Number of protein chains: 2
Amino acid sequence: MKRVALLLVAVAAVAALVMFTAPASGNTNGEAAPVFGIKIYPGYRDWRLISVAHEEGNLNDLRAVLGNDVAIKAYRAGKLPFPDGTIIARLAWAYVPSEENNKAFGRRQSFVPGPQPEWYLQFMVKDSKKYAATGGWGFAQFDKDGKPANEAMHKTCFPCHEPAKAIDFVFTHYAP
Amino acid sequence: MKRVALLLVAVAAVAALVMFTAPASGNTNGEAAPVFGIKIYPGYRDWRLISVAHEEGNLNDLRAVLGNDVAIKAYRAGKLPFPDGTIIARLAWAYVPSEENNKAFGRRQSFVPGPQPEWYLQFMVKDSKKYAATGGWGFAQFDKDGKPANEAMHKTCFPCHEPAKAIDFVFTHYAP
């Protein structure tokens with residue numbers, strides 16, 4: 001009995017540790033995304049907020065854009081182009097109504113993050129030499145389990161960002 | 001001439017400092033909000049992300065919810081009630097279409113932060129003794145210039161949060 005109890009305590013401790021560390025680091029299984037060879041950056045969920053957005057249409061998501069220290073410093077200085085070392089993380093969640101909030105408001109008005117879609121996590125990484133052919137940026141997309149999207153998908157990133165050339169290919173502005 | 005040049009350098013240096021520090025700390029003019037006596041917390045814009053949301057209706061805003069270290073630790077541990085020292089910051093911006101993004105998508109689908117509304121910045125501060133009469137929480141609201149809302153407005157905070165008693169009066173869940 002004592003041995004079983006000890007085992008249970010050990011299992012609970014490991015479970016608590018996993019629960020605590022998982023949200024901060026993402027499910028980093030170490031697999032690099034194709035084309036640009038980018039892996040999930042540990043600790044990205046601790047980065048500071050750049051902005052938020054809602055995309056309607058096929059995406060129908062709520063999103064948050066976070067930046068590493070280099071990114072935040074450049075945004076706040078209003079400095080373009082972004083320096084090498086800039087990393088921008090884009091998180092997305094399904095756009096779902098919150099029944100809990102709506103009850104408090106007395107009307108259907110509140111939309112919050114739901115499950116993580118296939119395009120849950122994206123990175124833009126500035127390295128003007130390594131990624132010279134794509135405006136100095138590398139791109140990567142992962143699902144919630146850390147699985148990268150395929151090569152074909154990654155080839156669509158830069159063409160879609162090209163219209164934003166005047167603002168160094170980054171659509172997101174800093175929200176004060 | 002030399003003195004004027006030096007003065008210009010000094011003015012530019014101060015301006016650069018203000019530009020750089022303002023977005024991180026908010027326009028903290030030091031005025032405490034009524035009822036709960038809460039001031040704007042310097043550096044709140046550097047806090048980590050809890051979640052995002054869109055409110056329709058009269059608010060019609062996009063919002064981000066940030067937490068200090070105590071808040072983030074409690075959220076990730078899934079621990080209720082929140083411990084004393086928890087501070088949650090809610091930022092809101094007008095919900096506006098992004099013409100720039102819509103051009104890239106080829107359709108009207110992208111909504112981003114616009115100007116800061118009157119309810120730009122709110123705090124919930126956990127102090128189970130000081131705020132015992134309101135579930136252990138103090139509440140505060142400020143506009144973008146750091147001006148607190150009036151007393152009548154602050155008296156509406158707790159009644160609106162009361163339906164969320166089962167989740168320690170906090171509507172926002174952690175977005176993974």
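At 34% relative accessibility, N60(B) counts as partly exposed, a class that lies between buried (under 20% relative accessible area) and exposed (over 50%), computed with a 1.4 Å probe on protein chains only. The model is predicted, so that local features need pLDDT of at least 70 and side-chain atom pairs count only at pLDDT 80 or more, whereas totals for chains, interfaces and linings use all residues. Residues are numbered from 1 along each chain as its sequence is written, chains are lettered from A and ligands numbered from 1 in the order in which they are written, and side-chain values use heavy atoms, with hydrogens and water left out.

N60(B) lies in the loop between β1 (48-55) and β2 (61-67) of chain B, where helices (H or I, at least four residues) and strands (E, at least two) are DSSP runs numbered from the N terminus. Its phi is near 45 degrees, a positive value in a residue other than glycine. A positive phi, of about 55 degrees, is also found at D168(A), again not a glycine; D168(A) belongs to the segment after α5 (157-161) of chain A and is buried, with a relative accessible area of 9%.

Between the chains, 49 residues of chain A are in contact with 49 residues of chain B, contact being defined as heavy atoms within 4.5 Å. The area buried between chain A and chain B is about 4100 Å², of which carbon and sulfur atoms give 56%; buried area denotes the accessible area (1.4 Å probe) that two parts lose on being put together, summed over both. In chain A, R45(A), R76(A) and P176(A) lose the most area to chain B, together 16% of what that side buries.

Across this interface the rule finds 4 salt bridges, each requiring a side-chain nitrogen of Lys or Arg within 4 Å of a carboxyl oxygen of Asp or Glu. The side chains of D46(A) and R76(B) meet in a salt bridge, with an N to O distance of 2.7 Å. The largest share of the side of chain A that touches chain B, 8 residues, comes from β1(A). β1(A) and strand β4 (residues 110-113) of chain B pair in the antiparallel sense over 2 bridges, pairing being assigned if DSSP finds at least two bridges between two strands, and the bridge partner of E55(A) in β4(B) is S110(B).

R76(A), placed in helix α2 of chain A, is buried, with a relative accessible area of 7%. Its side chain makes polar contacts with the side chain of Y174(A) at 2.9 Å and with the side chain of D46(B) at 2.8 Å. In helix α2 (residues 69-77) of chain B, the buried residues include R76(B) and Y75(B), and just after this helix G78(B) takes a positive phi of about 60 degrees.

In the loop between α2 and β3 of chain A lies P81(A), and the peptide bond from L80(A) to P81(A) is cis, with omega near -5 degrees. In chain B, a cis peptide bond joins L80(B) and P81(B), with omega about -5 degrees. D84(B), in the loop between α2 and β3 (87-97) of chain B, is partly exposed at 44% relative accessibility; a polar atom of its side chain lies 3.0 Å from the backbone nitrogen of S128(B).

Methods. A polar contact is a pair of N or O atoms within 3.5 Å; within protein, one must be able to donate a hydrogen and the other to accept it, and residues adjacent in sequence count only if both atoms are side-chain atoms.
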